[in-house]
Amino acid sequence: MEEKGIRFGLQEKVLLTVVGASMLITSIMSVIFYSRSVDSIQSNYQENIGISLQVCADTFDDVMKEAYFTCTYAIAGEELRALVHQDDTYEALIALLQQYRSRNSEIHSVYCYVKEADVLIQVSADGVRITPNSAEVLDWMNTATQQETGNQFSPAYNIDTSSAIQRQFFTYGKRIYDTQGAEIGRLFVNVDERTIYFKCLQSEETQNNTCYITRHDLVVSATDTSALESRLQEQEDTMLVSTDTAMTEYSLVSVSDLSAITADLRSTRNWILFVALLLNLLLSIPVFFIVRGMMYPMSELEKDMARVKEGDLSVRAEIYHRDEIGSLSENFNDMIQQIELLIDELVTERMLKKEAEIEALQYQITPHFMYNTLSSIRYAAALEHSDNIASLLQVFIELLRLSASDRGAFITVEQEIQMVENYVQLQKFRYADSFDVEFDIAPETRQFYVPRLLIQPLVENAILHGLNHREKENRIAIRVMQDGQQLAIKVEDNGVGMTAEEIQNLMSGARRSKFSGIGISNVRERLRLYYGEKGTLQYHSVQENGTTAIITLPASDDPDAYTI
């Protein structure tokens with residue numbers, strides 16, 4: 001089957017190999033460099049982000065500490081306790097709350113719940129509000145009031161529903177007790193979430209990533225306010241996550257996109273690959289001419305081989321350099337010279353051999369057959385008073401004429417059958433008509449050419465060795481037919497048959513014809529000489545059930561088509 005697709009010569013293969021290997025090495029080095037650089041950048045970036053988060057955590061702790069100490073200091077003082085218990089107008093209490101709020105700029109508001117009046121006094125940057133107690137206010141106060149156990153520095157995180165504008169607060173809430181230990185109110189110091197965001201999260205170090213403050217994976221401060229009060233999602237492998245935990249049990253989380261971090265590095269990698277590709281393309285030009293010069297002797301040698309393939313043995317390869325290709329060219333010349341000598345010797349030897357074989361196959365009637373035939377005629381003359389002698393002599397003369405003629409090695413099927421008919425007539429006379437011969441010759445085969453004396457040896461072998469002449473109803477069938485481009489000749493008898501050993505002896509030449517001296521092996525050898533594998537002779541036999549000989553050869557109406 002013919003191969004389809006692009007075929008590359010050795011020159012193109014060498015060029016592609018050199019350029020491809022160079023490009024592959026460059027690509028591998030770029031990938032290794034990129035991978036190691038990404039690891040280094042990621043490590044350094046994570047280290048820097050870790051330091052930034054630690055600074056943010058310290059800042060967060062400092063702000064929360066100020067709010068915690070403000071709240072603790074306030075409830076420990078006698079002044080607040082006295083005003084909550086005695087100030088009916090709340091003016092002095094409001095002034096004191098404003099004083100607490102002004103102690104630290106990060107404190108957004110200070111609330112005081114007066115239990116006896118059941119009101120919540122709110123002092124913030126937005127002004128002063130006195131809100132009657134309600135279910136919402138009570139819920140907010142309960143959420144914002146710190147537990148007595150646990151980390152006292154950890155503020156509560158809640159949404160202030162008591163204010164007109166709802167805000168997220170980090171709140172320290174503590175109860176206010178009188179001297180007898182009874183609860184008379186509560187104090188709340190609030191730090192706005194936005195204040196913490198701008199104070200801790202919005203900085204130059206964190207502007208290229210997303211930062212969160214979380215508590216138990218709950219987002220309490222972030223750039224996007226819609227993310228507040230939501231759970232921090234598990235990040236993909238393409239994101240770099242750094243975490244630092246503050247003393248207040250809040251965690252600062254930085255989420256960075258690796259693709260953004262390594263964008264410049266990827267650009268550098270792509271630039272390296274582009275430059276490498278460009279350099280390799282430029283390199284391919286001188287490499288092409290170098291390879292072309294190296295491969296020119298090989299290309300010329302290939303042309304010389306093609307001429308030899310077409311039958312021109314006068315070709316000699318030119319030797320350009322004393323290298324491997326030069327050595328190959330020299331050996332090629334020696335090989336062609338040896339082939340010429342061998343062909344001359346082989347042709348001479350074969351011609352002599354075939355001439356001898358063909359000459360040996362120009363058989364004459366053997367003296368033994370002539371003696372037997374003439375003896376039969378003599379006996380016929382004595383027995384039949386010479387009435388049948390003329391016809392027998394005429395048949396014998398015709399047989400001698402056909403077998404000894406100089407018409408060449410090939411005759412038509414019709415001529416071969418005529419000779420076989422004459423031979424059969426003489427043999428039937430000799431064996432007293434103890435057998436019958438049936439001829440079935442297809443009309444279209446009569447003008448095909450076959451080697452002389454091809455069928456007669458098969459018929460003779462059937463008469464002499466196949467039939468039992470003491471029996472009656474001996475029969476030989478001779479059939480010639482065309483099968484496509486092949487001519488099939490079949491000689492079949494109903495005689496005693498042969499064993500496998502007898503067939504082997506017959507094919508090897510142990511039995512020879514008494515008429516012409518031609519053995520069955522000689523017929524097979526001539527078929528091989530003239531037709532090669534296209535000419536075959538096969539025997540099939542079953543003891544006591546006859547023998548069949550089959551010859552197949554090309555059907556040709558040209559007498560010179562297979563002449564040697």
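**Note on ring pairs, buried residues and helix contacts**

1. Tyr111 and Trp140 are both buried, where buried means under 20% relative accessible area, exposed over 50% and partly exposed in between, with a 1.4 Å probe and protein chains only. The model is a predicted one, in which local features need pLDDT of at least 70, side-chain atom pairs count only at pLDDT 80 or more, and totals for chains, interfaces and linings use all residues. Residues are numbered from 1 along each chain as its sequence is written, and side-chain values use heavy atoms, with hydrogens and water left out.

2. Rings of Phe, Tyr and Trp (its six-membered ring) pair if their centres lie within 6.5 Å; planes under 30 degrees apart count as stacked, over 60 as edge-to-face and the rest as tilted. This rule gives 14 aromatic pairs. One of them is tilted: the ring centres of Tyr111 and Trp140 are 5.4 Å apart and the planes stand at 50°. Because Tyr111 belongs to strand S1 (residues 109-114) and Trp140 to helix H4 (residues 135-144), this pair ties together parts 29 residues apart in sequence. Helices (H or I, at least four residues) and strands (E, at least two) are DSSP runs, numbered from the N terminus.

3. The pair of Tyr197 and Phe198 is edge-to-face, with centres 5.1 Å apart and planes at 70°. Tyr197 counts as buried at 7% relative accessibility, whereas Phe198, at 47%, counts as partly exposed. Tyr197 also has Arg194 over its ring face, 4.6 Å from the ring centre. A charge sits over a ring if NZ of Lys or CZ of Arg is within 6 Å of the ring centre and within 35 degrees of the ring normal. Arg103 is placed over the face of Tyr73 in this way, at 4.7 Å from the ring centre.

4. Which residues do ring pairs link into a cluster? They are Phe60, Tyr157, Phe170 and Tyr250.

5. Lys174, in strand S5 (residues 168-177), is buried, with a relative accessible area of 12%. Apart from neighbours within four places in sequence, Lys174 is in contact with Tyr68, Cys71, Thr72, Ile75, Gln146, Gln152, Arg186 and Leu187; contact means heavy atoms within 4.5 Å.

6. Val413 is part of helix H11 (residues 413-430) and is buried, at a relative accessible area of 1%. With neighbours within four places in sequence left aside, the contacts of Val413 are Ile441, Thr445, Arg446, Phe448, Val450, Val480 and Leu487. Pro451 is 38 residues from Val413 along the chain, and their C-alpha atoms are separated by 9.1 Å.

7. Helix H12 (residues 456-466) is mostly covered, with nine of its eleven residues buried. Among them are Gln456, Glu460, Asn461 and Gly466.

8. The axes of helix H13 (residues 500-508) and helix H14 (residues 520-531) come within 5 Å and cross at roughly 60°. H13 is therefore oblique to H14. Axes are lines fitted to C-alpha atoms, for helices over the stretch in contact, with angles from 0 to 180 degrees between N-to-C directions; under 35 degrees is roughly parallel, over 145 roughly antiparallel, 65 to 115 roughly perpendicular and the rest oblique. Leu506, Met507 and Ser508 of H13 meet Ile520, Ser521 and Arg524 of H14.
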